[in-house]
Amino acid sequence: TLFTLKDPSLVRNQCFIGGEWQSADDGKVIAVSNPANGTVVATVPRMGRSETRRAINAAEQALGGWRSLSGKQRAAILRRWFELLMQNQDDLAAIMTADQGKPLAESKGEIAYAASYIEWFGEEAKRVYGDTIPAPTSDRRIVVVKQPIGVCAAITPWNFPAAMITRKAGPALAAGCTIVIKPASQTPLSALALCVLAERAGVPKGVVSCVTGSASEIGEELTSNPTVRKLSFTGSTDIGKVLMAQCAGSVKRTSMELGGNAPFIVFDDADIDAAVKGAIASKSRNAGQTCVCANRFLVQSSVHDAFVERLAEAVSELSVGDGFGEGVQIGPLIDDKAVAKVEELVRDAVERGGRVLTGGARHALGHGFYQPTVIAAASPDSQIFAEEIFGPVAPVFRFETEEDAIKLANDTQFGLAAYFYGRDISRVWRVAEALEYGIVGINEGIISTELAPFGGMKESGNGREGSKYGMDDYLEIKYMCMGV
Ligand code: ADP
């Protein structure tokens, strides 16, 4: 390999199906490359429908044994998986930076974040409580129990190659479900490494499988196979809609974590330094490639100039480079298509009157690199107001009143995360309650934690991941009525 690991066996070029490491039936492979320099770091199998069907059958066979364990027994296995993830944190982080590109420190952070979902849901496995309900007549008893949904499928994106998997596999396994995972083709190495450690932790054969390859073929099998009872997807709203439609044919439960278009509002009484710090934290994570990254900075007129000036200064100091480089804060975007999209959004914003204060073009490093950019006085009729940027570009829009801010903030079909900075306590409550978003950061730019429910309103999806609410997505409610 092109990077050194304490345990090179964590890098696999085969898939994990029913507890066996397997190649594609036809031997085909996909090349996995490093977005910082274009070099091929590994190959993984290019699988399709038949291999996916095998994984689903293995998940079905494993289901009975897994769901009949007690929550406490499943918790013990998940605890071992969590510990192995943390023991291998450095290697897992290097694997992630190699195919995802994010700075090594962020990769390490993601591994800890990913592991936290296995830890949390392992603990929650012991707390899947039911209910008793007073019956309408004295000759009946009403009992409610929660049971695992069954075989689950997960389709995950490239921006968080480990955490988006454990957010789904953690609650699925804790609940007593089995799962087939299809990772993004750009970043499959983390997914396979997680399987190596699941196997070592004693997760029984077939409880977790991972299939890499053709998104459409694997996706069609996962969504049409009647054995699969639930699909959890993180990715774009467009693909999410396709998958929901495909799942309708067999009425599968779905959890959808889709696109966002996060407003980041700065009111005139905000602590501007804190707002700039929060803006950098929210915008620069993974080079702007997260669905909760601030997408539109809405700044009250009287503080607009002061805010953009300080933001541009802070953004121009960000260190751009290969994720393995010392002190690097902004890595490459995932591929050339992503860079081309950012270029187009910036071009359009400038054409409609936005002023580039820093950045505004591809970076001299080439490949996936784009300069961290601030655009002042952007126009709300720019494409960048309506679309998810997924790059290190901060467009700032001016507003006059609180009412305007809320109207602009909610003027989108998305509803995942929103942020605002201000100190007037009455306004804080009014604005927090008026924002049509599943997650609201108030004087805070970093909101992700396994302890809180993550998920969106409107076209940003349905379901919640993490927290006590996250388990419900993998459980059925059964009402038992007993005559006595
Ligand atoms: P992004 O814009 O983040 O690349 P996508 O929604 O395109 O997000 O992809 C997220 C995940 O969905 C990836 O694992 C990708 O391979 C998968 N995917 C893309 N197209 C399809 C499809 N037609 N059916 C099933 N999965 C798909």
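Predicted model: local features only at pLDDT ≥ 70, side-chain atom pairs only at ≥ 80, totals over all residues.
Two strands count as paired here if DSSP finds at least two bridges between them.

The hairpin is made of β3 and β4, with 6 residues between the two strands. In the turn, G38 has a positive phi of about 80°. Strand β3 covers residues 29-33 and strand β4 covers residues 40-45, and they pair in the antiparallel sense over 5 bridges. If you want a position to look at, I30 stands opposite V44 in β4.

Next, a helix pair. Helix α3, residues 89-100, and helix α6, residues 188-201, have axes that come within 8 Å and cross at roughly 155°. Angles over 145 degrees count as roughly antiparallel, so α3 is roughly antiparallel to α6. Which residues in α3 meet α6? They are L92, I95, M96, A98 and D99, and on the α6 side they meet L189, S190 and A193. By class, the contact of α3 with α6 divides into 6 nonpolar, 1 polar and 1 charged.

Now the ligand. It is surrounded by 14 residues, and the closest are A215, G219, G235, S236 and I239. Two helices, α7 at 215-224 and α8 at 237-248, each supply at least two residues of that shell. The shell has 7 nonpolar, 6 polar and 1 charged residues.

Last, the open sheet. There are 7 strands, in the order β14-β15-β16-β13-β12-β18-β19, and the pairing is mixed. At the edges are β14, residues 355-358, and β19, residues 439-442, each of which pairs on one side only. On average, neighbouring strands of this sheet are turned by 25° against each other, direction ignored.

Helix α11, residues 336-351, packs on it and touches β14, β15 at 373-376 and β16 at 393-399. The direction of α11 makes about 30° with that of β16. Helix α13, residues 402-410, lies across β12 at 262-266, β13 at 294-300, β16 and β18. Relative to β16, α13 runs at about 140°.

That is what I have on this one.

Technical notes: Residues numbered from 1 in each chain as written. Near = placed C-beta within 6 Å. Helix = DSSP H or I, 4+ residues; strand = E, 2+ residues; numbered from the N terminus. Nonpolar A, V, L, I, M, F, W, Y, C, P; charged D, E, K, R; others polar. Axes fitted to C-alpha atoms, helices over the stretch in contact; angles between N-to-C directions. Parallel < 35°, antiparallel > 145°, perpendicular 65-115°, else oblique. Contact = placed C-beta atoms within 7 Å.
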